[in-house]
Amino acid sequence: MFKTLRDAFKVKEIRMGLLFTFFVLIVIRFGSLIPVPGLNTVAIKEYLESALGDANSFLSSFTGGSFTQMSIFALNVTPYITSSIIIQLLTIAIPALEEMQKDGEDGRKKITAITRYVTIFLAVIESLGLVIGFDRGHYMTVTGPLGYLLVIITLTTGSAFVMWLGERVTEKGVGNGISIILLINIVSRMPSDFSDLYTKFMKGQDIVDQVIAGAIILAVILVTTILVVLLQGGVRKIPVQHAQKVQGRRMMGGQQSHIPLKVNTSSVIPVIFASSILSVPMVVVNLFNINTSGVWAKILRGMNSNYWFNPAYPWASVGLIIYILLVVFFAYFYTSITFNPIEVADNMKKQGGFIPGIRPGKPTTDYLTKVLNAIIFIGAVGLVIVAVIPFFFNGVFGANVSFGGTSLIIIVSVILETIKQIESQMRVRYYKGFLND
């Protein structure tokens with residue numbers, strides 16, 4: 001990786017792209033420190049940290065702390081990510097969007113434009129919900145429609161500006177603009193998290209206890225990271241043989257290829273969906289000051305991952321079970337709409353390809369479905385293990401950090417994909433120079 005970056009700086013265009021990306025990330029980090037006018041941001045930060053629990057950690061990680069601080073970039077890339085997922089799901093349900101997706105570059109531009117509009121719409125809805133909640137909690141320093149409109153416009157504009165910066169990084173930087181912004185948001189929270197871990201487990205202890213605690217923390221992070229790398233890199237290759245055919249006097253075809261089926265086919269999407277669904281009841285109750293007691297209070301507490309694995313709250317394990325079931329469900333659901341065995345089998349048959357030992361047509365579809373279901377289950381189990389590890393240490397030892405399995409999956413995925421993008425650009429420059437010579 002370091003050799004790739006060193007070689008990349010030798011190419012002027014790639015070097016300028018890296019510097020441009022670095023400049024954009026600095027702008028985003030500065031914007032994350034500017035508070036939204038009209039809000040008591042200090043009181044809001046205290047309220048969010050005490051009331052939202054895991055939902056707050058989730059949002060802090062994805063927004064780089066700007067949501068907790070309620071800065072002008074408080075919504076950050078979350079509306080765009082949600083919009084992208086919604087549009088991707090709708091392309092399966094709406095034939096017009098599916099046709100756009102298959103319509104080459106023009107179709108992709110139209111889908112991108114629709115994604116932008118949905119992002120703005122979601123940002124307005126989220127901003128409006130926050131304003132209503134903050135007004136009821138008396139966290140607003142401005143009153144009246146104009147004051148509320150000021151906060152809504154500021155939050156929406158900040159989200160739109162972050163989306164625009166992400167697209168500029170994709171065009172003029174190193175690619176994957178939104179993903180890189182999400183990466184820097186997660187990484188920016190890590191120094192604070194490590195500082196909290198040091199204060200809780202190492203500060204004031206003797207040197208032996210400090211070394212043991214530090215070694216355990218490092219071991220947990222390394223093991224989790226290794227699991228994530230294995231999960232993201234695992235691929236099941238289905239061999240494909242292409243039949244030979246005669247074209248003129250030449251025999252064509254007969255090549256061997258493969259269909260790569262990733263073990264973690266749905267990446268981090270199931271974890272995001274599961275966490276979002278579990279956080280909704282708690283967010284609604286806290287933002288709208290709904291009084292809960294008795295059984296309902298226990299149910300809401302069970303939805304908060306801070307109570308999972310906590311011996312004092314055994315009923316919270318119900319929330320953990322629901323979380324695991326949701327992750328597995330969305331792993332199968334998301335893969336089912338992004339990979340169609342019937343379509344793959346038909347395309348393979350049209351191109352004269354077949355899986356050795358499997359007849360074309362329905363037998364191929366059944367075989368791909370069987371293999372895919374087994375792979376999805378393995379990937380879902382691995383995803384659950386990676387996601388639950390931080391919850392375990394939080395519940396048992398109180399090691400509450402904003403980054404966890406979800407964040408590590410995103411970090412590994414974005415870094416690997418960015419390195420591939422840089423290597424691809426270097427390869428293009430190399431061949432271009434070779435041909436010009």
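These legends accompany close-up views of strand pairing and salt bridges in a predicted model.

Residues are numbered from 1 along each chain as its sequence is written, and side-chain values use heavy atoms, with hydrogens and water left out. Because the model is predicted, local features need pLDDT of at least 70 and side-chain atom pairs count only at pLDDT 80 or more, while totals for chains, interfaces and linings use all residues.

**View 1. Strand β1 pairs with strand β4.** Here you can follow residues 235-242 (β1) alongside residues 256-262 (β4), joined in the antiparallel sense over seven bridges. Strands are DSSP runs of E with at least two residues, and helices are runs of H or I with at least four, each numbered from the N terminus. Two strands pair if DSSP finds at least two bridges between them. To get your bearings, look for R236, whose bridge partner in β4 is L261. In a regular strand, side chains alternate between the two faces of the sheet.

**View 2. Strand β1 also pairs with strand β5.** The partner strand β5 covers residues 353-354, and the pairing with β1 is antiparallel over two bridges. A handy landmark is Q241, which stands opposite F354 in β5.

**View 3. E167 and R116 form a salt bridge between two helices.** The structure holds three salt bridges, each a side-chain nitrogen of Lys or Arg within 4 Å of a carboxyl oxygen of Asp or Glu. In this one, the N to O distance is 2.8 Å. The pair links distant parts of the chain, 51 residues apart: E167 lies in helix α9 (residues 144-172) and R116 in helix α8 (residues 104-136). E167 counts as buried because its relative accessibility is 12%, whereas R116, at 33%, counts as partly exposed. Buried means under 20% relative accessible area, exposed over 50%, and partly exposed in between (1.4 Å probe, protein chains only).

View 4. R168 is buried, with a relative accessible area of 13%, while E171 is exposed at 56%.

View 5. K362 counts as exposed at 60% relative accessibility, and D366 as partly exposed at 40%.
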